[in-house]
Amino acid sequence: MKKLSIIGIVLIAVCLSGTVAIGKTLRMSDSTDIAAMDPHSMTESNTIGFLHNVYEPLVRYNELLQVEPALAASWEVIDPLRWRFHLREGVKFHNGNPFTADDVVASIMRAIDPTSPVKSNLPAVVVAEKVDDMTVDLVLKGTDPILLNYLTNIYILDKEWMTEHDALMPADVRKGKENYAVSNSNGTGPFILESRQPDAKTILVVNPNWWDTPKHNLTRIEFSPIGSDATRVAALLSGELDFVFPAPLQDIERINRADGVSVITGPELRTIMLGFNYGDKLHNSNIQDRNPLTDVKVRRALNQAINMDLIAEKVMRGMSRNAGILVAPPVPGYDAQLDVRSPSDLEGAKKLLAEAGYPDGFEVGFDCPNDRYVNDEEICQAITAMWARLEVKAHLTAQTKSKHFEKVLAGGADIYMVGWATLPMLDSYSVLSALLHTPGDRMGGWNPGGYSNAEIDKLTDAVSSELDQEKRTAMMTEALGIAKDDVAIIALHQQPLVWAVRDGVNMKVTPDNKPRLWYVNITD
Amino acid sequence: MLAFILRRLLQSVMVMLAVALIAFVMFRFVGDPVNSMLPENASTKDRQELRTQLGLDAPVMTQFWIFVTGTAQGKFGISYRNKRPVNDLIAERLPATLELVFVAALFALIVGVPMGVYSALNRHGIVSNVLQVVSLIGISVPTFVTGILLILVFSVWLNWLPSFGRGDVVKIGWWTTGFITISGLKSLVLPAVMLGLFQVTLIMRLVRSEMLEVLRSDFIRFARARGLTDRAVHFGHAFRNTLMPVITIVGLQLGSMFAFAIITETVFQWPGMGLLFIQAVNFADIPVMSAYLILVAFVFVLINMIVDLLYFAVDPRLSVTGGST
């Protein structure tokens, strides 16, 4: 009898603890697992986004993607090459260690170490110096107007913990060195890592001693990546998950029709575009003595022949947002007047092409990924057909992303698709410096076609050091306007972000595709 | 005997070397891992530096030599994506795949053999004909379609079984097992059925045709003439003689189940080696890919060798020819 009652009590306790845990648990799934727990080992945005729940930067983006204080309570620019950060008092790491200037210095130096894979996410910082226990100076090699934007991606680790576990440097593939921080964590964030089985389940529990006032009501997060789209949606429909992202476009209707689940959508920051080869001749064409793409009339004709309304309706199922310039609305430098796509005009395009000396069109290579962007291959097929009516015969090569970008970055493509979210800076400077600036050691890393425009280069260089935000934004808009007039790169659209949640989970889509779980509320 | 084993061993080494070469050549075509390892805003110089440090721009022969010597010592390096030693990653995933293959093979045998025997003994029965048709469907429907259908019926509609993952696993030493928890066992059902379904139909058809053949042979007729019961004839004589080729085929199929678990693991997010491999392909994670390919080749070579040795042990004629050549 006594035994029975003990079993009864245990059972009741198990049931109770079970219901409490389930009540505030968010079971979520992404299409890929995070790469590692070490925030300085990888720059994949899904990894960085998820780790933000465990680790925190000095400053962070809020739900509206505005910079706000996080581990730094305030900051001041002592001179353009020295920024002073006053750290937040009373913050503790998950293991109870206090957060101090030593941790910030160690973390920043770890991130910018020559062997660190994330060093290009903090390009201007030379050294971090401790001023006192709660103050840190960052010394820069050149003025950097978007230092704060960069810092939103650099998470702070505990120095004592790193020293104890020999993790003061990030994992180095080149030397075959492993690192304790790859599978373990000790941050200051709203959630604490409880356990992790790669590709199966990563469990976070709420941090009761978080320095910020929680806006969420979660007690536990169970993250299970599911690679197969069909399975991920099925697991949501069967009630095994509360939140999945991304949800495939073709399943939106099915999810909305089902009971108890719905889709939440929003435009992504990422703009999909087509870049050009500006070399002496084309790689894959019947014209060998010159490159038609260097003629702005040809580029304009190609742009005008693309009917983006049709693509938005048929290929993107009405979920995309047509783009006139190379950045999305939340990005500084964006201008609504520039962001107008002139309507498609086949006759006008034909006339332009004839004026340029190609009345019978020409052949050209066209490269697309088939697993990187939403419906990437389908978009390229549609564009190929549209150009065919212009007598431009595009030889489409659609292949997996690692192959596609290898070819594109090596300069092997004539016309190529690329998407740009401007992350981590969230600033037009990202497009200007990486895609539009004349290729060099520091800039133009994603300008393999060799586009070169002295005006844009001059404006980009000026933008990189201008600290007056208004002037700076105006210059970026001007440069984007020049690029638009010159059809340097064709802007196509911003692709949609599609997440799906079960009823009772309240959260919003953030355009950078990083769910901020400290804003999530569950109401049942 | 010794000469035979030595010759087989030598052949196995040649096969492994050939696989290493093919795998190595393949990596030239999977894309540039550097692009996915560095952030979008990394400069051309950073990319080139990393490529040099990883040895990706060394001459092809040098790279192959490093690859082969490393492989021979079991050193596969660090995963480009997960930043952990490849040996650890594989050791972590191996139990999941092996348990899945084991259960799927068991399922295939337990269901396939009785079905085959039954349809051989009752050739013209309605049930046998239905089984024949069903098995045809089982052979021709692609496995990922069966997987998705199983999820739709048993997870979404009936809500009986989980649609993904391994459930709760228990750690025993370095091995993790799903055999001793309820959620672990429930999670095994659908993936094992998906992986085993093709084998069920294969085994069933194989057993049926072998058994029909044996039933037609003279010694069965003599056994009947001796007045033995049907039961003794069918199970004491016919079935036992049917089993030899079946065991051989099942042994070889184990290897292909191990390799084809990739599809099942992708559909059910089963955290095994196949899933690891697929992700490695997407990321051009060369150390993981090479380790996986070498391991699968090794499993095949090993199984083949064991089967050959079994033949050698079972069939006395082999030793005569083996000795004379």
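User: How confident is the predictor in chain A on average, by pLDDT?
Analyst: The model is predicted, and chain A has an average pLDDT of 90. A score of at least 70 is reached by 95% of the residues.

User: Where does pLDDT stay under 50 in chain A?
Analyst: That stretch is residues 1-22 of chain A. For these residues, the model has two contacts beyond four places in sequence.

User: What is chain A built from, in helices and strands?
Analyst: Chain A contains 15 helices and 19 strands. Its radius of gyration is 25 Å, close to the 24 Å that the globule rule gives for 524 residues, so chain A is as compact as a globular protein of that length. The C-alpha trace spans about 95 × 60 × 45 Å along the principal axes of chain A.

User: How much of chain A is buried?
Analyst: Of its 524 residues, 51% count as buried. As for contacts in chain A between residues at least 6 apart in sequence, 69% join residues at least 24 apart.

User: Let us turn to one strand. Which residues of β5(A) are on the covered face, and which on the uncovered one?
Analyst: Strand β5 of chain A covers residues 82-87. Trp83(A), Phe85(A) and Leu87(A) form the covered face, while Arg82(A), Arg84(A) and His86(A) form the uncovered one.

User: How many bridges does β5(A) form with β4(A)?
Analyst: There are six bridges between β5(A) and strand β4 of chain A, residues 72-79, and the pairing is antiparallel. A hairpin of two residues joins β4(A) to β5(A). Within this pairing, Ser74(A) has His86(A) of β5(A) as its bridge partner; His86(A) belongs to the uncovered face.

User: And what about β7(A): in which sense does it pair with β5(A)?
Analyst: Strand β7 of chain A, residues 135-140, pairs with β5(A) in the antiparallel sense, over five bridges. Arg82(A), another residue of the uncovered face of β5(A), stands opposite Val139(A) in β7(A).

User: Now a helix. How many residues does α15(A) have, and how far does it reach?
Analyst: Helix α15 of chain A runs over residues 469-485 and has 17 residues. From first C-alpha to last it reaches 24 Å, close to the 24 Å expected at 1.5 Å a residue.

User: Which residues of α15(A) are buried, and what covers them?
Analyst: The buried residues are Arg472(A), Met475(A), Met476(A), Thr477(A), Ala479(A), Leu480(A), Ala483(A) and Lys484(A). Their cover includes two helices of chain A, α13 (429-436) and α14 (454-465).

User: Which residue with a positive phi follows α15(A)?
Analyst: That residue is Val487(A), with a phi near 45°.

User: On to chain B. How many helices and strands does it have?
Analyst: Chain B has 13 helices and two strands. Its C-alpha atoms fill a box of roughly 85 × 65 × 35 Å along the principal axes. Of the 325 residues in chain B, 37% are buried.

Terms used. Residues are numbered from 1 along each chain as its sequence is written. Chains are lettered from A and ligands numbered from 1 in the order in which they are written. This is a predicted model: local features need pLDDT of at least 70, side-chain atom pairs count only at pLDDT 80 or more; totals for chains, interfaces and linings use all residues. A residue is buried if 20 or more other C-beta atoms lie within 10 Å of its own, exposed if 12 or fewer, and partly exposed in between; C-beta atoms are placed from the backbone. Helices (H or I, at least four residues) and strands (E, at least two) are DSSP runs, numbered from the N terminus. Two strands pair if DSSP finds at least two bridges between them. The expected span of a helix is 1.5 Å times one less than its number of residues. Two residues are in contact if their C-beta atoms, placed from the backbone, lie within 7 Å. pLDDT is the predictor's confidence in each residue, from 0 to 100. The radius of gyration is taken over C-alpha atoms; the globule rule is 2.2 Å times the number of residues to the power 0.38.
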